[in-house]
Amino acid sequence: MSNTLAVLPLLVSPSRVIRGENALRESADSLSSLGKRPLVVGGDRSIEVIRPHLASIAKKHKLAPDYRTYSPDCSENSLSQLRESVKNHSADFIIGVGGGKALDTAKLLARQCGLSIATVPTSGATCAAWTALSNIYSDAGAFLYDVGLSRCPDLLILDYGLIRTAPTRTLVAGIGDALAKWYEASVSSGHSTATLTIAAVQQARVLRDLLFQKSAGAIENIGGEDWREVVDATVLLAGVIGGLGGANCRTVAAHAIHNGLTHIPASHHALHGEKVAYGILVQLRLEEIVQGNQLAASARQQLIQFYDSIALPKTLEDLGLKEVSLAELRQAAEITCGPDSDIHRLPFAVSPEQVIAAMVSTTVSVALSPKVKAE
Ligand SMILES: [Zn+2]
């Protein structure tokens, strides 16, 4: 492959990761080593959560933080307003606080302004606090494109106390997003002979098994041991896999389905990981419909049971799209099958009609031959 001759930087992990019950409070020295005038970028809820913690750090270390939301979305317009805020505040580093979109905005802002960045996730919903990647959306929340960054964040602060305050639904969504690592990486890179890609795919399998074992217990006892392990899995291990796998271990149909769905306004109530979780079922269904793949059918039945146990969405109805029109579905399917879409990493060609057929039949039962067992 031409890859062997190219220079490919390894962007495996943040320079420093500080985690613990009061990790933010304990991170004062690390934060103040990045600068003195942070611009804090987040959503309204996250900014209110973090403000008192940062105020006491700021007092002690003579920091002068300013706070901005990324409203209306992680979009080009928000980024251009935030670049103005960086200038007006003479900010010398960025703190991103919140969920995936807030962190994606903050990371890209830091790169555009040539500043250091600390990320503080306030939920277990994604691995965005870890990765060197930002997704860009329209002001209305439709996915547009992703941007590879030149490095992972300079500092990641994983404060379990902060994350415990997030709605349980965000962790469930994070479980859905993290599960996709296996179902997508095994398709895009399962036959790779490259050392780090093999390692990433195997870690994705470990991640999936860990989530199968511990998710129900994590949700039953928020703050308990299983919960902490699952948060580490969705925020950190999912990030490690993205870092190790890099461009060779990209997303496939599950995220392509998510990207298509974001163009249906009614889907905006569903979280990223919820749409991705549903997208995994669509991807497996496509493997069944187009390839007659019995293993995919069996994997889908296994996932449906797991989804039931933790309330991940299995159907368009579960995503709040009961009233979706055929025209909207068609538009989402066409975007899913667009020329640059990762759906084309599937080992077979897919048409929008097949995507629609898969989208409306994610829970259909099929008779499995007795020999087929879940992989
Ligand atoms: Zn994702």
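**Buried residues and a binding site in a predicted model**

In this predicted model, His255 is buried, with 26 other C-beta atoms within 10 Å.

Q: Which helix holds His255?
A: His255 is a buried residue. The helix that holds His255 runs over residues 253-261. That helix is α9.

Q: Is Asp177 buried or exposed?
A: A residue counts as buried if 20 or more other C-beta atoms lie within 10 Å of its own. Asp177 lies in helix α6, residues 168-189. Asp177 has 28 other C-beta atoms within 10 Å, so Asp177 is buried.

Q: Which residues does UniProt place under "binding site"?
A: The feature comes from an unreviewed UniProt entry. The record places "binding site" at Asp177, His255 and His272.

Q: Why can these residues be said to gather at one spot?
A: In sequence they span 96 residues. Yet they gather at one spot, because no two of their C-alpha atoms are more than 9.1 Å apart.

Q: Which "binding site" residue is in contact with Asp177, leaving aside neighbours within four places in sequence?
A: With those neighbours left aside, Asp177 is in contact with Thr126, Thr234, His272, Gly273 and Val276. UniProt places "binding site" at one of these.

Technical notes. Residues numbered from 1 in each chain as written. Predicted model: local features only at pLDDT ≥ 70, side-chain atom pairs only at ≥ 80, totals over all residues. UniProt positions renumbered as here; feature names shortened; annotations may be inferred. Helix = DSSP H or I, 4+ residues; strand = E, 2+ residues; numbered from the N terminus. Buried ≥ 20, exposed ≤ 12 C-beta atoms within 10 Å, placed from the backbone. Contact = placed C-beta atoms within 7 Å.
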